[in-house]
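Student: I would like to go through this model by question and answer. Shall we start with the ligand site?

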Amino acid sequence: MSQPALTAIPQYIVSTSDYQQQARHHLDDNAWHYLVGGAGDEITANANESTFQQYLLNTKVLSDVRGGHTQLSLFGRHYQHPIFLAPVAYQTLFHPQGERATALAAHVMNTPFTVSSLSSTLLEDIRSEDEQALWFQLYFQAERQQTLSLVERAELLGYQVLVVTVDAPLAGIRNREQRMGFQLPSHVHAVNLTRSSGEASHHQSDSFVFNQLMANAPTWDDIEWLLSVSRLPMVIKGILSPEDAEKAISVGVAGIVVSNHGGRILDGVLPSLAALPDIIKTVNGRVPVLLDGGMRRGGDVFKALALGASAVFIGRPYIYALASAGALGVAHLIRTLCEELEVTMALCGCRDLSAITRACVLKKGEADV
Ligand SMILES: Cc1cc2nc3c(=O)[nH]c(=O)nc-3n(C[C@H](O)[C@H](O)[C@H](O)COP(=O)(O)O)c2cc1C
């Protein structure tokens with residue numbers, strides 16, 4: 001039996017990995033494996049984390065960092081720190097208050113929260129605070145009209161940035177979930193979506209993947225259409241190659257998220273940190289590039305920024321905290337990561353985010369270890 005969430009943070013919880021261990025006590029097997037798992041053999045999911053160890057921090061002693069801060073401006077708005085909350089589906093699976101608890105913590109911590117298309121709470125019920133930084137993550141729906149009404153709803157409600165996820169036109173083969181017969185409980189579902197009206201026509205000889213799963217998958221034409229009908233800044237999430245980054249800029253996106261969806265869709269792709277440097281080179285400052293995947297420490301965030309990311313998203317870490325202690329846990333986790341980032345900046349001689357450059361990290365092999 002899983003235990004109810006904590007109502008206070010015990011002294012022994014001081015890091016993401018502590019929250020991960022704690023979360024196991026509060027989730028049943030179904031929710032746990034859905035959360036931690038990745039596609040296939042989970043090689044990419046694991047490599048997302050381990051790739052951060054290929055980079056080492058380059059300290060800079062005796063630096064005067066008084067007056068330092070972690071603030072940044074992005075898409076015309078000001079943020080206190082560069083650690084944002086990634087879209088994660090079905091959050092009432094992990095805590096009874098689900099997305100509401102996450103939004104509350106995000107508000108308290110001045111953290112943008114990207115609400116998933118697969119949110120288990122109505123968009124209307126998440127947005128309660130004025131000036132709260134809420135972004136909306138879009139999955140294209142089977143029909144453009146359905147997609148448009150979702151986007152218009154988010155715009156009307158004051159969601160500020162549209163994050164369009166393009167790396168998951170199908171769910172991916174998650175063997176861990178298959179082995180345990182993962183199912184969403186009946187009370188958890190995508191309450192903001194209408195069920196698709198039409199099924200793709202299908203003949204016995206058709207490929208299930210190409211002609212059914214991918215029947216309504218978006219293409220670059222859909223991105224161009226969406227850009228023409230939405231007035232929100234659009235960020236494209238799930239880019240792993242310089243070629244796709246170039247294409248995204250050429251159609252006019254406002255930003256790029258380098259991501260492999262936490263290794264949940266296709267096993268064997270590049271860990272996101274490994275994909276970052278070449279994309280940064282190609283983008284060459286034309287739009288902000290964000291990163292997600294595998295960050296578990298403020299020091300990891302620092303490394304991502306040093307390799308050129310403007311900001312980062314965390315996914316599983318805040319859900320571990322949500323499952324452990326609801327809004328309180330999420331707020332505490334964000335504060336913990338921010339403190340770790342600040343300590344790393346101070347000891348590496350960086351007074352603000354602009355001081356975090358490629359010279360602040362050493363790649364193993366470049367360094368003598
Ligand atoms: C349980 C779970 C559900 C997710 N749901 C979504 C989603 O609905 N939309 C989306 O764009 N990404 C989704 N993601 C991917 C995250 O946004 C993010 O890319 C990933 O979690 C980052 O890796 P990390 O978990 O190592 O931080 C999900 C990830 C997890 C773990």
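Predicted model: local features only at pLDDT ≥ 70, side-chain atom pairs only at ≥ 80, totals over all residues.

Student: Which elements give two or more residues to the shell around the ligand?

Tutor: The shell has 23 residues. They divide into nine nonpolar, nine polar and five charged. The elements that give two or more are α2 (29-36) and α13.

Student: Which backbone lies 2.7 Å from a ligand oxygen?

Tutor: Two backbone contacts to ligand oxygen can be named. A polar backbone atom of glycine 315 is 2.9 Å from a ligand oxygen. The 2.7 Å distance involves a backbone N or O atom of proline 87.

Student: Which residues of the shell are closest to the ligand?

Tutor: The shell counts 23 residues around the ligand. The closest are Pro87, Ser116, Thr165, Asp292 and Gly294.

Student: Is threonine 165 buried or exposed?

Tutor: Threonine 165 sits in strand β7 (residues 162-165). Its relative accessible area is 3%. The cut-off for burial is under 20%. Threonine 165 is therefore buried.

Student: Which side chain makes a polar contact of 3.0 Å with that of threonine 165?

Tutor: Beyond four places in sequence, threonine 165 touches Gln137, Leu138, Tyr139, Lys237 and His261. The 3.0 Å polar contact is between side chains. The partner is glutamine 137.

Student: To which residue's backbone nitrogen does the side chain of aspartate 300 come within 2.9 Å?

Tutor: Aspartate 300 is in helix α12 (residues 298-306). At 13% relative accessibility, aspartate 300 counts as buried. A polar atom of its side chain lies 2.9 Å from a backbone nitrogen. That nitrogen belongs to arginine 296.

Student: How far apart in space are aspartate 300 and phenylalanine 52?

Tutor: In sequence, the two are 248 residues apart. Yet aspartate 300 is in contact with Phe52, as well as with Gly294 and Met295. From C-alpha to C-alpha, the separation is 6.2 Å.

Student: Where is asparagine 284, and is it buried or exposed?

Tutor: Most residues other than glycine have a negative phi. Asparagine 284 has a positive one, near 50°. It is in the loop between α11 (272-283) and β10 (289-292). With a relative accessible area of 64%, asparagine 284 is exposed.

Student: Is phenylalanine 75 buried or exposed?

Tutor: Phenylalanine 75 has a positive phi of about 50°. It lies in the loop between β2 (72-74) and β3 (77-79). Its relative accessibility is 18%, so phenylalanine 75 counts as buried.

Student: Which residues have the most contacts inside the largest nonpolar core?

Tutor: This core has 109 residues. Its largest share, 15 residues, comes from helix α13 (residues 316-347). The residues with the most contacts inside the core are Phe94 and Ile256.

Student: Which prolines does isoleucine 256 touch?

Tutor: The contacts of isoleucine 256 include Val235, Ile236, Ile239, Ala245, Ala248 and Ile249. Further along, they include Val283, Val287, Val289 and Leu290.

Methods. Residues numbered from 1 in each chain as written. Heavy atoms only, no water. Core = buried A, V, L, I, M, F, W, Y, C linked by side-chain atoms within 4.5 Å. Buried < 20%, exposed > 50% of the residue type's maximum accessible area, 1.4 Å probe, protein only. Helix = DSSP H or I, 4+ residues; strand = E, 2+ residues; numbered from the N terminus. Contact = heavy atoms within 4.5 Å. Polar contact = N/O pair within 3.5 Å; in protein donor to acceptor, adjacent residues only side chain to side chain. Near = heavy atom within 4 Å. Nonpolar A, V, L, I, M, F, W, Y, C, P; charged D, E, K, R; others polar.
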